[in-house]
Amino acid sequence: MPLLAVNVDHVATLRQARLGSQPDPVTAAALAELAGARAIIVHLREDRRHIQDRDVRLLRETIKTRLHLEMAATTEMRGIALATKPNMVCLVPEKRRELTTEGGLGVVGRETELTDFVGELAGAGIPASLFIDPEPAQIEASAKVGAAFVELHTGAYSDAPTPAARKVELTRLLTAIPLARKAGLGVNLGHGLDYDNIHAFATTTGISEYSIGHSIMARAIMTGLPEAVAAMAAIIATFPE
């Protein structure tokens, strides 16, 4: 079955609101693993708005499953990845004023730069995933630069204002998945997925991982983190590989 990868960035966001030590995303990661998460994701942003360097170091030492590091394709972040050795790096776009990642990475037109970046990570034994919109040109470019995976941006699907718009975005995703697999890429899905909209993928094959953070943490405030993770893990456990 596909993996549930839990993003604990929002735990760090709450901590940083008071610049204190609680709640600790490292503790949250341990609880998520115990409840059924098969990977932990953190996004180390250039402005350090939530996850801090300390968090990445401690998570690398304590994670029992897999540590996936989201980051921009910068020299600083490449050095951190090479020193930390996460199980996977996901390259994402960043804008300083965005509340959350607003769209996929523009791989088209950056092939030379990203080939070198991905190649250096691969040489250190770190597979790279590229967070992209479900567009054929971006999939083709991702395969060209040597990425092992793509994470298809599900934000447009999750945020679609009408059933008709959501159907259009779902069709884009369902069309992109086999295209990426045919190109030799593993496929992950992420951004905005929740306990309701994820059921659209209940019979979809070819997905390796679902990356989910906000909806799990929102439920955790009401029910507790172990229950929130376990409930999502139980849903994904019924999906085909």
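Which residues line the second largest pocket? Here are some notes to read alongside the model, which is a predicted one.

1. **The second largest pocket.** To take that question up directly: the lining consists of His 10, Val 11, Leu 14, Pro 23, His 214, Met 217, Ala 218, Ala 220, Ile 221, Gly 224 and Leu 225. The volume of this pocket is about 260 Å³.

2. **Who supplies that lining.** Two helices, H1 (9-18) and H9 (214-223), each give at least two residues to the lining of the second largest pocket. Helix H9 has the largest share, with 5 residues. Sorted by class, the lining of this pocket has 8 nonpolar and 3 polar residues, and no charged ones.

3. **The barrel.** Now to the strands. There are 8 of them closing into a barrel, with parallel pairing, in the order E1-E2-E3-E4-E5-E6-E7-E8. On average, and ignoring direction, neighbouring strands of this sheet are turned by 25° against each other.

4. **A closer look at E2 and E3.** Strand E2 (residues 39-43) runs parallel to E3, and 4 bridges join the two. Within this pairing, Ile 41 stands opposite His 68 of E3. On the helix side, H5 (residues 111-123) packs on the sheet, where it touches E3, E4 and strand E5 (128-132). The direction of helix H5 makes about 165° with that of E4.

5. **The cavity.** Searching the whole structure for cavities of 30 Å³ or more turns up 1, and the largest cavity holds about 60 Å³ of space. By class, the cavity lining has 3 nonpolar, 3 polar and 3 charged residues.

6. **Aromatic pairs.** Finally, what about the rings? The whole structure contains 3 aromatic pairs. One of them is formed by Tyr 157 and Phe 201, in an edge-to-face arrangement with 5.6 Å from centre to centre and 75° between the planes. This pair links distant parts of the chain, its two residues being 44 residues apart. Tyr 157 sits in helix H7 (residues 155-158), whereas Phe 201 belongs to the loop between strands E7 (186-190) and E8 (209-212).

Conventions: Residues are numbered from 1 along each chain as its sequence is written. This is a predicted model: local features need pLDDT of at least 70, side-chain atom pairs count only at pLDDT 80 or more; totals for chains, interfaces and linings use all residues. Side-chain values use heavy atoms; hydrogens and water are left out. On a 1 Å grid over the protein atoms alone, a cavity is a set of points where a 1.4 Å probe fits but cannot get out, and a pocket is an open set with protein on both sides within 12 Å along at least five of seven lines; lining residues have an atom within 4 Å of a point. Grid points are joined across faces, edges and corners, and a volume is the space filled by probe spheres set on the points. Ala, Val, Leu, Ile, Met, Phe, Trp, Tyr, Cys and Pro count as nonpolar, Asp, Glu, Lys and Arg as charged, and the others, Gly among them, as polar. Two strands pair if DSSP finds at least two bridges between them. Axes are lines fitted to C-alpha atoms, for helices over the stretch in contact, and angles run from 0 to 180 degrees between N-to-C directions. Contact means heavy atoms within 4.5 Å. Rings of Phe, Tyr and Trp (its six-membered ring) pair if their centres lie within 6.5 Å; planes under 30 degrees apart count as stacked, over 60 as edge-to-face and the rest as tilted.
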